[in-house]
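This report describes one structure for a reader who has not seen it before. Please look over the sequence and the model first.

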Amino acid sequence: MTSTQDAKAPAGEVVLEAIGLTKHFPVRRTLRGLFSQQQNAVHAVDDVHLTLRRGQVVALVGESGSGKSTMARLLAQLYPRTGGDIRLHGKTTHVRPGRQFRTYAARVQMIFQDPFASLNPVHTIRYHLTRALKIHHHAGSTAEDLESALHDLLGRVSLTPPERYLDKFPHELSGGQRQRVAIARSLAAEPEALLADEPVSMLDVSIRLGVLNLLRDLKERLNLAILYITHDIASARYFADETMVMYAGRMVEGGDSETVTQSPAHPYTRLLIDSAPDPDRLTGVGGSVEDQGTGEPPSLIHPPAGCRFHPRCPMAMARCTTDLPEKIEIGDAPGHWAACWLFDEATVAAETPGSAAVKGASV
Ligand code: ADP
Ligand code: MG
């Protein structure tokens, strides 16, 4: 497989952008709904902005049900959107199934949580990778070309020697090896962006780091833009350049990963970090946020007014129950923001007379 000129594109170049991206899933009318004009919908993603750049990893962090997978599927054009825009290299894209989808998928590939489900059990690794190479016209013209492209792909995901893996079936590999095959298959398209939806959360804790290191290595060598979706904020700190925190379909905080994880601003981000006791641990065994006695995520059919986090927020003020918080710059690091009224001095002053300057105070 030849490396494309794309791999030489400048690091930092914007590949994919979500602008005010919104997805509402209609839900079946209830008996009561039949008599009302209103069609209910799950507000899975609301007004989300996100930018993926070459050579960078953006982590999208949030509890289960916060809309992360819906974001990935929207960006992969697997769902039509309700509103907002998706731009590939600055151009609005509306992709329909068929050839147009393949052209888009050649540039933006998705990696799913469960490699076992995404690989067909009746086919060998050779079959999966050959098919992907052929679909994207990277199989070459001779049997030797194909063989060398297959070896190259397995080499890129450190499954060597390739002969050991090519003729195996998915069940003959370990979970980590299967996810490496799924990653190799996505690389067969020679994409610019990878959307990785919880790519290590089903893997054994001991091998997660290896797969994340592989993705990081690919990001650097192939200059890929990566969206890393996770419920584990500790792994975001380790792996991502930038971290965005999502709650109940909305973005609540964003900034460079170090700042967001070391000096979280939004009370929800603080809650996520507190529920992951050891920030250097790469996952999964600690208590979940729900275990902390801090309530549950809200219904997305009738999301709370104002800030969606206000019913669970220990710092909630009156305004939080009525007004949607704006994105506010925190000021401790460039690009660090939170959608939280606690960082709006005027709001805090109005709500707590006598304690005006609380910006940056410990919340
Ligand atoms: P996450 O990946 O963060 O766990 P999801 O994006 O899977 O969250 O789901 C967000 C919300 O959208 C959830 O309330 C979920 O039930 C709902 N949802 C997801 N997919 C669909 C669908 N196809 N139809 C209806 N509701 C959906
Ligand atoms: Mg999900």
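The text below covers the ligand site, the strands, one arginine and the cysteines.

**Ligand site**

The model is predicted. Around ligand 1 there are 13 residues, and the closest are G65, G67, K68, S69 and T70. By type, the shell around ligand 1 consists of 5 nonpolar, 6 polar and 2 charged residues.

| Residue | Atom of the residue | Atom of ligand 1 | Distance |
|---|---|---|---|
| G65 | backbone N or O | oxygen | 2.6 Å |
| S66 | backbone N or O | oxygen | 3.1 Å |
| G67 | backbone N or O | oxygen | 3.1 Å |

On its own, ligand 1 has 560 Å² of accessible area, and the protein covers 63% of this. The largest contribution to the shell around ligand 1 is that of α2, with 3 residues.

**An open sheet**

Strand β2 also belongs to an open sheet of 4 strands, in the order β2-β1-β4-β5, and the pairing is antiparallel. The edge strands are β2 and β5 (91-92), each of which pairs on one side only. Within the sheet, β1 (residues 14-26) and β4 (residues 83-88) run antiparallel and are joined by 5 bridges. One residue of this pairing is L16, whose bridge partner in β4 is L88.

In general, the strands of a sheet pair through backbone hydrogen bonds, in a parallel or an antiparallel sense. Both senses occur in the pairings of the next strand, β9.

**Strand β9 and its partners**

Strand β9 covers residues 242-247. Of its 6 residues, 5 are buried, so β9 is largely enclosed by the rest of the structure. Strand β3 (residues 57-61) runs parallel to β9 and is joined to it by 4 bridges. In this pairing, V58 has E242 of β9 as its bridge partner.

The pairing of β9 with β10 (residues 250-256) is antiparallel and extends over 6 bridges. Here T243 has G255 of β10 as its bridge partner. Together β9 and β10 form a hairpin, with 2 residues between the strands. In the turn, A248 has a positive phi of about 45°.

**R308**

Which residue has a side-chain polar atom 2.7 Å from the backbone oxygen of A248? That residue is R308, and R308 is placed in the loop between α12 (267-274) and β11 (327-329). The side chain of R308 also makes a polar contact of 2.6 Å with the side chain of D46. Is R308 buried or exposed? The relative accessible area of R308 is 8%, which is under the 20% cut-off, so R308 counts as buried.

**Cysteines**

A disulfide is a covalent bond between the sulfur atoms of two cysteines. How many disulfides does a search of the whole structure find? The search finds 0. For C313, the nearest cysteine sulfur is that of C340, 6.3 Å away, and C313 is in no disulfide. With a relative accessibility of 16%, C313 counts as buried.

C320 is likewise in no disulfide, and the nearest cysteine sulfur to it, that of C307, is 6.3 Å away. C320 has a relative accessible area of 8% and is buried.

Note on methods:
Residues are numbered from 1 along each chain as its sequence is written. Chains are lettered from A and ligands numbered from 1 in the order in which they are written. This is a predicted model: local features need pLDDT of at least 70, side-chain atom pairs count only at pLDDT 80 or more; totals for chains, interfaces and linings use all residues. Side-chain values use heavy atoms; hydrogens and water are left out. A disulfide is a pair of cysteine sulfur atoms within 2.5 Å. Buried means under 20% relative accessible area, exposed over 50%, partly exposed in between (1.4 Å probe, protein chains only). A residue is near a molecule or strand if one of its heavy atoms lies within 4 Å of it. A polar contact is a pair of N or O atoms within 3.5 Å; within protein, one must be able to donate a hydrogen and the other to accept it, and residues adjacent in sequence count only if both atoms are side-chain atoms. Accessible areas come from the Shrake-Rupley method with a 1.4 Å probe; for residues, only the protein chains shown count as cover. Ala, Val, Leu, Ile, Met, Phe, Trp, Tyr, Cys and Pro count as nonpolar, Asp, Glu, Lys and Arg as charged, and the others, Gly among them, as polar. Two strands pair if DSSP finds at least two bridges between them.
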